[in-house]
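Please study the protein shown below.

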Amino acid sequence: MQQWIADFTIDTPAGPKLMTESYYLPTVADVRNEISKRGGYVLKIRAHERSALERWMARSSWWQVQLLRGIQFRSTVTSPGVALWRLIQSETNPKRQNILSPAREALSRGLGVIDALKALNIFDHGTIAILAASERSNRLMEGIPHAIQSITNKTKNRRAIMGTMAWIGFDIFSIVQGMFWGKDKIIGWFRSNPPHEAEALEKYNTIVGRLELLWGTLTWSAVGMAAFMAWAMFSFWNNRGKRDWPTARIVRRIPLIGAYLRDLGFADSTAAAGRMLRGRVPIADTLLQASESTTLPEVANYWMNAREDLSRGVGLGAALDKDPLTKGERMELAGVSDLDQVATVMDSISDMRQQASKTKHSLIVWLAFGLSGIYLVIAFGSAIYALTIMNMSMDSMMGQFMPGGGGGGGGE
């Protein structure tokens, strides 16, 4: 399903009238058929694209929380679907109206509140999973606070990492800038003022060459790392909501970060699975929904493989007892005999994965501080080392002006 903007004409008693409307349908052909039913003539159909400001506003955690709170407040007197519809109808800001238009189209075509929220393409899979699990259990009102808490926690973690990276980046940028602009001048001065003694000159050239190589390595490694981080952050922001793309696959290969993302994926999906099982949602639907609650292929494949094993007659505990769960988690699942026990174990796994993700988050922050400290020590150490080279050159220059210094004129 996708939102389309269609320009078409329609005959009226006053003559042909140009109209522009939005449609939330799978393909362009479906849009043409819909317009044809109204007796219209299609002029142009294009995919709906949000402006940069609208994309930023839609993907901000503040906007997401306000939207969910609005649904929660209005759901006290009506159904969540009607509550979302009234919220959309009461919106007067044109940019927000444009953001909410896919949900309005979805609701107008009879789709549910979860499908409408998915159409907005602003929530991550974990948040949608919490809401979908609660809606399937007829407890959406209870699920909205959990979804808001999930958004808030992820925002805090993201801000902590971004703040750490910004502080470290500023320190490294200051050092790199100094080396980048001063390297040629300092190395050039060293090259222009070598010592004159043959033995000292050979040692001097070796040291200057190593210093030049070290500064070049430090400078370009920092530039490369900064470019990669900027590219990764932009890619994750631009592809938010997608299941998989090249940048995500590269980031997942980084050992500690990959494990951190995997813990978050299991925490969200197992929490959603436990909530649905307590709501008496069929186990096959629960496993399918859990697989759709994450963007990590490894986690999604776990749930789909378990569903496939269950359809072949494998026991529930055995179907869930597989990698990439830890040994302790697999031991808990191996002994379950009914769905109530599975729901309890899922909640337990979700809590453990959440705690593990917090631990890895702290490790990432401290590791970033440690690596930046090592980088700064090397940079400052090399600067101090450069002073010793300068002393070698200055000693040689001063030696020429001393009695008997090299280069002195021959005696009569």
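Accessible areas come from the Shrake-Rupley method with a 1.4 Å probe, and for residues only the protein chains shown count as cover. The accessible surface of the protein comes to about 22300 Å², and carbon and sulfur atoms hold 60% of that surface. This is a predicted model, in which local features need pLDDT of at least 70 and side-chain atom pairs count only at pLDDT 80 or more, while totals for chains, interfaces and linings use all residues. Residues are numbered from 1 along each chain as its sequence is written, and side-chain values use heavy atoms, with hydrogens and water left out.

Q: Why is Trp215 called buried?
A: Buried means under 20% relative accessible area, exposed over 50%, and partly exposed in between (1.4 Å probe, protein chains only). Trp215 has a relative accessible area of 5%, and is therefore buried. Of the 412 residues in the protein, 42% are buried.

Q: In which helix is Trp215 found?
A: Helices (H or I, at least four residues) and strands (E, at least two) are DSSP runs, numbered from the N terminus. Trp215 lies in helix H9, residues 198–238. The protein has 16 helices and three strands.

Q: What is Leu68 in contact with, leaving aside its neighbours within four places in sequence?
A: Contact means heavy atoms within 4.5 Å. Beyond those neighbours, Leu68 is in contact with Phe123, Leu131, Ile144, Ala147, Ile148 and Ile151.
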